[in-house]
Every structure is written in structure tokens, then in C-alpha cells.
Amino acid sequence: MASTDVATFTDDNFQAEVLGSEVPVLVDFWAAWCGPCRALAPAVDQLAKEYKGKLKVGKLDVDAEQNVAQKYGIVSIPRLLLFKNGQVAEEMVGNHPKARLDAFVKKHVEANDAA
């Protein structure tokens, strides 16, 4: 489902891969049965390619990785959380056009580049 540029986040690797990341991280909380999640996937894949090296992009299956999903109160999917310095900087719920997703991450990536 995901491209090679999109990581798979799990309860076991979340601390190291997301919270410990030196670059901003976009986490796509999804499930295989979720139609809007599948519709959002190509745009998430594109973001991963376009921001490679400046933004880490990955998916977390809320059915398989329930501990992280519960910790962040994920009840509606798809839900995107953007982490910076181990903290949630911004979030977005639902399926959105690629242009809106691009604007969502761009300001955080540019701010990180300026720092």
C-alpha cells in the first residue's frame, strides 16, 4: 500500500522513529478497512517523495498498533499528526486534497529548515 519512501510505525519503533526524530515527522493513522484512509494514501506517498530528507513520513495501523493510537486519542481516521521535537505540532482529520496536505506540512518543514 505504501511506497518505499513511507515508513511503517509500530508501538515498538514509535519512540525512536517519531519522537526521537531530528526532522519533522508526519504520521498517518489508518486502518485497512477505512475507505478514506485508502483514498488519502497516494497523497501521503507523494508527500514522502517530495519532502524526502526534510520530512519523515510514515503510517501507523490503528488496529495493529493500539498502544500508540490510544496514547494520542485516535478515534477518527484518517488522522494525520505532525510531530516536531517529539511533540504534536499540528493535526488534521479526514481525507484532504494534496494541495491542503502540502500546505499542512510545508510550513513546518520550512520552519525547520530556517532553524
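Guide: Let me begin with pairing: two strands pair if DSSP finds at least two bridges between them, where strands (E, at least two residues) and helices (H or I, at least four) are DSSP runs numbered from the N terminus. This is a predicted model, in which local features need pLDDT of at least 70 and side-chain atom pairs count only at pLDDT 80 or more, while totals for chains, interfaces and linings use all residues. Residues are numbered from 1 along each chain as its sequence is written, and side-chain values use heavy atoms, with hydrogens and water left out.

Visitor: What makes strand 2 and strand 4 a pair?

Guide: Five bridges join strand 2 to strand 4, and the two run antiparallel, whereas the definition asks for at least two bridges. As one example, V27 has L81 in strand 4 as its bridge partner.

Visitor: How is strand 4 joined to strand 5?

Guide: Six bridges link these antiparallel strands, with L80 bridged to M92 in strand 5. Strand 4 and strand 5 form a hairpin with two residues between them, and N85 in the turn has a positive phi of about 55 degrees.

Visitor: Why is G86 called buried?

Guide: Buried means under 20% relative accessible area, exposed means over 50%, and partly exposed lies in between (1.4 Å probe, protein chains only). G86 has 17% relative accessibility, and therefore counts as buried, although this residue lies in the loop between strand 4 and strand 5.

Visitor: Is D28 buried or exposed, and why?

Guide: D28, which sits in strand 2 (residues 25–30), has 0% relative accessibility and so counts as buried. Its side chain makes a polar contact of 2.7 Å with that of K59; such a contact is a pair of N or O atoms within 3.5 Å, where within protein one must be able to donate a hydrogen and the other to accept it, and residues adjacent in sequence count only if both atoms are side-chain atoms.

Visitor: Where does helix 2 have a kink?

Guide: A kink of about 35 degrees lies at A41, shortly before the proline P42, the bend being the angle between axes fitted to the seven residues ending there and the seven starting there.
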